[in-house]
Amino acid sequence: MESTRFDWSCSHTWKQSAKNTAWCLLGCSIGDFGTILYFQLTQISFPVLGIMILAIINGLITSIALETYILTRQNFKLEKAIQTAFGMSFISMISMEVAMNLTDYLLTGGAKLTWWVVPIMLVVGFLTPWPYNYYKLKKYNISCH
């Protein structure tokens, strides 16, 4: 029986998966940061966990919306673009969102955007799903963008 080793050393795939991950990060960050900022500015009394769950949900929605838009600009039909946005990157988006919000929680107590925590959240949010995105792209040639 032949054992096939997975190739983690392809620089082209790392670059493409980094691009895909960055698009996902942009989409997730819009909804996530927007939600946290809204509660921060309005000072509406709401549990931190509730704000963070809403931020994750909104981040997923805005990421799917952005990816769907990008795919339709690449001549995907709307239904296929939505299916692709959901099917190929949902695990990536969830891991990204959880990592970003967990980082926020551990560093600030949660649901607080500060000048110093946002870059850390973005780096953690990027690095968490990037190997998964590389794997999917390399093994299955599956990419969202």
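Modeller: What follows is a set of questions about labels, each answered by a value and a cut-off.

Modeller: Keep in mind that this is a predicted model.

Biologist: Why is the pair of Phe 6 and Tyr 134 called edge-to-face?

Modeller: Two rings pair if their centres lie within 6.5 Å, and planes over 60 degrees apart count as edge-to-face. The ring centres of Phe 6 and Tyr 134 are 6.1 Å apart and the planes stand at 80°, so both conditions hold and the pair is edge-to-face. Phe 6 sits in the segment before helix H1 (11-42) and Tyr 134 in helix H5 (residues 130-140), so this pair links distant parts of the chain, 128 residues apart.

Biologist: What makes Phe 6 partly exposed, and what makes Tyr 134 buried?

Modeller: Buried means under 20% relative accessible area, exposed means over 50%, and partly exposed is in between. Phe 6 has 27%, so it is partly exposed. Tyr 134 has 0%, so it is buried.

Biologist: Why is the pair of Phe 39 and Phe 46 called stacked?

Modeller: Planes under 30 degrees apart count as stacked. The planes of Phe 39 and Phe 46 are at 25° and the centres are 5.4 Å apart, so this aromatic pair is stacked. Phe 39 counts as buried because its relative accessibility is 13%. Phe 46, at 39%, counts as partly exposed.

Biologist: How many aromatic pairs are there by this rule, and which residues do ring pairs link into a cluster?

Modeller: The count is 13 aromatic pairs. Ring pairs join Phe 6, Trp 8, Trp 14, Phe 126, Trp 130, Tyr 134, Tyr 135 and Tyr 140 into a cluster.

Biologist: How do you know that the buried residues of H4 line one face of the helix?

Modeller: In helix H4 (residues 117-127), the residues Val 117, Met 121, Gly 125 and Phe 126 are buried. Viewed down the axis of H4, the buried residues fall within an arc of 165°, so they line one face. As background, an α-helix has 3.6 residues a turn, so residues three or four places apart point the same way.

Biologist: Why is Asn 101 called buried, and what does its side chain reach?

Modeller: Asn 101, which lies in helix H3 (residues 78-108), has a relative accessible area of 2%, under the 20% limit, so it is buried. The side chain of Asn 101 reaches the backbone oxygen of Glu 97 at 2.9 Å. Beyond neighbours within four places in sequence, Asn 101 is in contact with Asp 32, Ile 36, Met 52, Ala 55 and Ile 56.

Biologist: What makes Lys 19 partly exposed?

Modeller: Lys 19, in helix H1, has a relative accessible area of 45%, which falls between 20% and 50%, so it is partly exposed.

Biologist: At what angle do H1 and H2 pack, and is their crossing right-handed or left-handed?

Modeller: H1 and helix H2 (residues 48-73) pack at about 145°, with axes 7 Å apart. Their crossing is right-handed. Among the residues that meet are Trp 23, Gly 27 and Ile 30 in H1, and Leu 54, Gly 59 and Leu 66 in H2.

Biologist: Why does Glu 67 count as buried?

Modeller: Glu 67 belongs to helix H2, and its relative accessibility of 1% is under 20%, so it counts as buried.

Methods:
Residues numbered from 1 in each chain as written. Predicted model: local features only at pLDDT ≥ 70, side-chain atom pairs only at ≥ 80, totals over all residues. Heavy atoms only, no water. Phe/Tyr/Trp six-rings, centres within 6.5 Å; stacked < 30°, edge-to-face > 60°. Helix = DSSP H or I, 4+ residues; strand = E, 2+ residues; numbered from the N terminus. Buried < 20%, exposed > 50% of the residue type's maximum accessible area, 1.4 Å probe, protein only. Polar contact = N/O pair within 3.5 Å; in protein donor to acceptor, adjacent residues only side chain to side chain. Contact = heavy atoms within 4.5 Å. Arc of directions from axis to C-beta. Axes fitted to C-alpha atoms, helices over the stretch in contact; angles between N-to-C directions. Left-handed = near helix turned anticlockwise from the far one by under 90°.
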